[in-house]
Amino acid sequence: MDPTSTHLRKGRSGASRVLIWRLLALALMAALAACGGGGGDSTSASGSPQSRSAAAGDDAQGGADGESTSLWSGLVGAIDGALNKIGIDIGAEPKATTTQLDAVRLANQATFGPNEALIAQIRQEGAALWIAGQMNLQRQAVKRVPGAADVVTTVALPKSRYTSGGTNAVHKHTSKTVDFCDNKGPTCWRDWSSSTPLVWDFYRNAVHSPDQLRLRVGLALQQMLVISNYEVSGTYGLRNYNNMLLDNAFGNYRDVLKKVILSPVMGDYLDHVNNDKAAPNENFARELLQLFSLGTCLLNADGSLQGGTCTPTYDNARVREYAFALTGWTYPAGGATPWGCYPSGSNCQFYDGDMVLKAGFHNTQPRTLLSGVTLANGNTADVALEKVLTSIMAHQNVAPFVSRHLIQQLVTSNPSPAYVQRVVTAFNTGRYTTFGSGVKGDLAATVAAVLLDTEARSTPTNTAGRLREPIQLFTAVLRALNGRTDGEALGWWWGEEMREHVFRPPSVFNFYPPDYPVAGTTPPLVGPAFGIHNANTALNRMNYLNYLIFWDGSGASSDVPNAVGTKVNLSAFASTTNAATLVDRLSLLALGEILPATSRTAVINAVNAYPSNTADGRTNRARQAAFLVFASPQFQMTR
C-alpha cells in the first residue's frame, strides 16, 4: 500500500467506513458461528488488541468502562485481523492518536523545530503518514464535511535547493593580467569562493521550507560525508555537492557513496583527483573506510564491538589497495586556467559534474579489497569503482555504522543495541513496513525505521535524547516564534560564536566526534554535540535568545540578496493575556508538555512582573515567557 494513501479519508467519513466494515464482518462471523464455522486468530499482529490499545494514545479509557472496552477491543482485533487476512486494510482510527508530546518529539527529530501549524499537522496525520508525505514531497489536505464525503486535496511540496552564489565562471578564468575578482566588488570572494551563500540558503530553507525531513537527513549526511570550505573553495562546487546530498537523502547509500567518490569537490578536499597511480595519496581511501562507511572496529549487527573488543576493520595495507583501486579519475571537462592543466593529460580544476575516467591515470594491477572482493589484473577505473562499492556494501559494518550515525543525528545519542539492530534490519533488507525499495542500503527505509522505532516513539528514558546542537537551536527558536531569517547572522556571527558554522567544519571529522563522552555519567554516556559545548557556548545560547527575543534580532543587510534579517514575531503570543495560559502554550510548543510545577510557577511570576493592560506590557510578557521557556534545560535537550 502506498504509504501516503489515506484510504479512511475517501468517500464517506473514515469513522463510518471503518464501522461499516466491522459490522459487516461481525454479521458474517455470527452467521459462520451459527453454522459451526471457525473464526480468525484474535492475536494476529495486524489486528491485536494490544496494538489497537497502544494506538489509542491519549484516548484510552479506563474505570468502569474497562471491561466492556476490553471486550470490544478483543472483538475489534479479531475482526480487523480477519479483514486484513483477506486483503482488506481498514487502517488506523481516523481521529488523531499522536500526542502533543510525541508530535513535538517527532518535529525535533525530523525537522528543524516545531511550530504550532506543524504540530497540528503531525497530530492529524500521525507519524507514519507525515513521514511518508515528507519523503514523497506531498501532503494531503482534508476538509471535513459532516454527513458528506471528505474533500481530499494532495498538495505538492516544493523541493529545497541551494541556489545562491556565483557560477562555474570562477574556474574558467584565463586572463594572466586581470584578476577574476577585479570589477566584481567587495563581496567577490564571498559570492564566488566561500560557503556564505550556502549558509543563506541553508537557514532560509531550514526555517521556512516545508520539506523538512529531506533537509534534516541532508544535514545528517553532510555531517558524515564531510567537505569543508576551510579546505576547498568555489561556491558553485560546494552548492553542487550539498544539492547532491539533498537529492539522495531518501535514495540508496551505495549511490550516495558513488557520488561522493566521484565528486570533484571531494576529490580536491581529500586528494584523490588526478591521483598518482604509482604512489597514490591514501587520504580519501582511509576516510572512505573510517568515516564514510565502515569505521575502525568490526561491529555486530547491533552496533556493539564484535567479541567485546576492537578488532580492526582494515589495516594500512588494505587502505593502500583502495587508494590504488580508486586511481584514474580527473576533473570533468570545462575548466580553464591561464597556465594550462596539471598534471599533463588531466582536465583543469572544475566542479560541474562528476569526475571522469582517465585510463592512463589508473593502476591496473590486481588488488584485494574487503568482503572477499578482488580486482583482476588489467582492471579499469570504472570496474574498480564498482568493486569498491560492492566490497563496502557487502561488509558487516556498513549497516550498523550508517544506522547508528542516523540515529544519533536524528533521535538519540545513546541508542540501545536492540534499536540499532532493528534499523540495521531495515538498511539490510531495504524495507521498513511500506517504506523502501527492497534493495540493501535504502535510506527511505532506514530513516523511517529510525523515526518510527518504538525507542523513538515511546516515552523517553533518562538516557534518551541528544543535546540540541547550535544549528538546531538557531532554527528551532525561529520556527517556534514565527520568525524569519536570511541566514546572514547565523554564519560568521552566531555560527562562529557557537562553534558550528555550517559548511565550515574544522576537519573531515566534522564539528564533533560521534563518541564524545559526557562527563560524570554512570553508566558512561556519549553526547556528540557536547564536543562543542563548554562554558562559553553555554552562555552564548542565552545570548542568542537575548538577541532574538529582547534585542529584536538583526535587520536586513544591504549587500545580502533578498535580505530579510533575522527576527522573531511574538504578536501571536502577546495576545494571550493570562500568564499561566501563555507559559503553558509556549511550553507545549517548545517541550511538548507543561513545565515542572516549580519552574512553571517561577516563570509565571516573572511574566506577571510586567503589566497586561498595555501593548508594551503584553509584548514584554511574551518576551519574558519565551526567553525563560526556551532557556530551560528541558529545551536544550531533545528527548
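I counted a contact when heavy atoms lie within 4.5 Å. Helices (H or I, at least four residues) and strands (E, at least two) are DSSP runs, numbered from the N terminus. The model is predicted, so I kept to the rule that local features need pLDDT of at least 70 and side-chain atom pairs pLDDT 80 or more, while totals for chains, interfaces and linings use all residues. Residues are numbered from 1 along each chain as its sequence is written, and side-chain values use heavy atoms, with hydrogens and water left out.

Helix 22.
I looked up helix 22 (residues 535–549) and its 15 residues. The expected span is 1.5 Å times one less than the number of residues. I took buried as under 20% relative accessible area, exposed as over 50% and partly exposed as in between (1.4 Å probe, protein chains only). The buried residues of helix 22 include Arg541, Tyr544 and Leu548. Among the elements that its buried residues pack against are helix 20 (470–480) and helix 26 (615–630).

Glutamine 409.
I found glutamine 409 in helix 16 (residues 398–410). Glutamine 409 is buried, at 6% relative accessible area. Leaving aside neighbours within four places in sequence, its contacts include Arg216, Glu469 and Tyr512.

Alanine 519.
I placed alanine 519 in the loop between strand 9 (517–518) and strand 10 (525–526). Alanine 519 is exposed, with a relative accessible area of 76%. Phenylalanine 530 is eleven residues from alanine 519 in sequence and 9.5 Å away, C-alpha to C-alpha.
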